[in-house]
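Q: I have a new structure open and want a quick tour of how its side chains pack. Can you walk me through it?

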Amino acid sequence: MTTKLFWENPYQTSNETVIATAAAEQVTVAETVFFACSGGQESDHGTIAGISVLEAVKDGHDIIYTLPPGHGLQAEDLVTIAIDWERRYLLMQLHFAAELILELTYRQRPGITKIGAHISPAKARLDFLYEDNISPLLPKLKAAAESLIQQNLDIVSAFSDPAAEQRYWEVDGFARVPCGGTHLRKTGEIGDIALKRNNIGKGKERIEIYLQG
């Protein structure tokens with residue numbers, strides 16, 4: 001099992017560890033700060049022993065990293081893992097902005113069904129089954145989200161089931177939600193956001209979320 005340091009401290013940008021397994025271009029490590037795509041949140045970008053990681057994929061409780069051919073790493077090699085912190089922080093900001101907007105949408109439109117989500121460093125998106133134009137809802141969502149952001153509330157992130165690696169985030173008095181992503185410490189870290197509607201097909205609506213400034 002790969003020990004996931006990005007859960008213990010999502011602000012950590014590097015770690016020393018050993019290669020656990022190496023098979024052709026794919027390696028696993030004992031401990032890692034390098035997040036692999038999950039729940040719509042894109043993988044980190046970064047390096048292992050100075051070698052660029054081409055792909056990071058969850059495999060049960062492990063994370064498999066794909067490196068360029070001829071990387072030369074072997075099991076038990078001591079290596080340093082480093083991530084692109086600027087990109088990680090943008091992902092964390094947009095991830096939690098999307099979490100807030102999703103919970104607020106559920107409250108404004110009980111029974112609405114989420115059918116997709118994606119968080120990149122440029123924007124986040126939430127896709128819903130929804131017959132009407134969702135645009136009239138956006139000002140209410142933005143105002144409610146901004147209130148939570150301006151209050152700079154604590155965000156707690158922890159295990160609900162350590163053996164199964166199931167986690168959650170919680171903002172006291174607002175929500176507790178299952179999620180295995182990387183989270184901010186405070187809602188105020190999100191900053192200013194903008195929301196945009198995008199129609200993605202009959203009976204489907206998308207909310208796009210952007211950071212401003």
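**Ring pairs and cores**

A: A search of the whole structure finds 9 aromatic pairs. Keep in mind that this is a predicted model.

Q: How are the rings of Phe-6 and Phe-35 arranged?

A: Their centres are 5.2 Å apart and their planes stand at 80 degrees. Planes over 60 degrees apart count as edge-to-face, so that is what this pair is.

Q: Where do Phe-6 and Phe-35 lie?

A: Phe-6 is in helix α1, residues 5-8. Phe-35 is in the loop between β4 (31-32) and β5 (46-48). The pair therefore ties together parts that are 29 residues apart in sequence.

Q: Are Phe-6 and Phe-35 buried or exposed?

A: Both Phe-6 and Phe-35 are buried.

Q: What about Trp-7 and Phe-159?

A: Trp-7 and Phe-159 form an edge-to-face pair, 5.6 Å centre to centre, with 90 degrees between the planes. Trp-7 belongs to helix α1 and Phe-159 to strand β12 (residues 156-161), so this pair ties together parts 152 residues apart in sequence.

Q: Is Trp-7 buried or exposed?

A: Trp-7 has 13% relative accessibility. The cut-off for buried is under 20%, so Trp-7 counts as buried. Phe-159 is partly exposed, at 36% relative accessible area.

Q: Which residues do the ring pairs link into a cluster?

A: Phe-6, Trp-7, Phe-35 and Phe-159.

Q: New topic: charges over rings. What sits over the ring of Tyr-168?

A: The charged end of Arg-176, at 3.6 Å from the ring centre.

Q: And which residue lies over the face of Tyr-11?

A: Arg-185 does, 3.8 Å from the ring centre.

Q: OK, now the inside. How many residues are in the largest nonpolar core?

A: That core has 37 residues. Ile-101, Trp-169, Ile-207 and Ile-209 have the most contacts inside it.

Q: Which elements give two or more residues to this core?

A: The helices are α2 (85-108) and α3 (138-150). The strands are β11 (124-129), β13 (166-171), β14 (175-178), β15 (192-201) and β16 (204-212). The largest share comes from α2, with 10 residues.

Q: What does Ile-209 touch?

A: Leaving out residues up to four places away in sequence, Ile-209 touches Leu-94, Ala-97, Ala-98, Ile-101, Lys-123, Ala-124, Leu-126, Ala-194 and Leu-195.

Methods
Residues are numbered from 1 along each chain as its sequence is written. This is a predicted model: local features need pLDDT of at least 70, side-chain atom pairs count only at pLDDT 80 or more; totals for chains, interfaces and linings use all residues. Side-chain values use heavy atoms; hydrogens and water are left out. Rings of Phe, Tyr and Trp (its six-membered ring) pair if their centres lie within 6.5 Å; planes under 30 degrees apart count as stacked, over 60 as edge-to-face and the rest as tilted. Helices (H or I, at least four residues) and strands (E, at least two) are DSSP runs, numbered from the N terminus. Buried means under 20% relative accessible area, exposed over 50%, partly exposed in between (1.4 Å probe, protein chains only). A charge sits over a ring if NZ of Lys or CZ of Arg is within 6 Å of the ring centre and within 35 degrees of the ring normal. A nonpolar core is a set of buried Ala, Val, Leu, Ile, Met, Phe, Trp, Tyr and Cys residues joined through side-chain atoms within 4.5 Å. Contact means heavy atoms within 4.5 Å.
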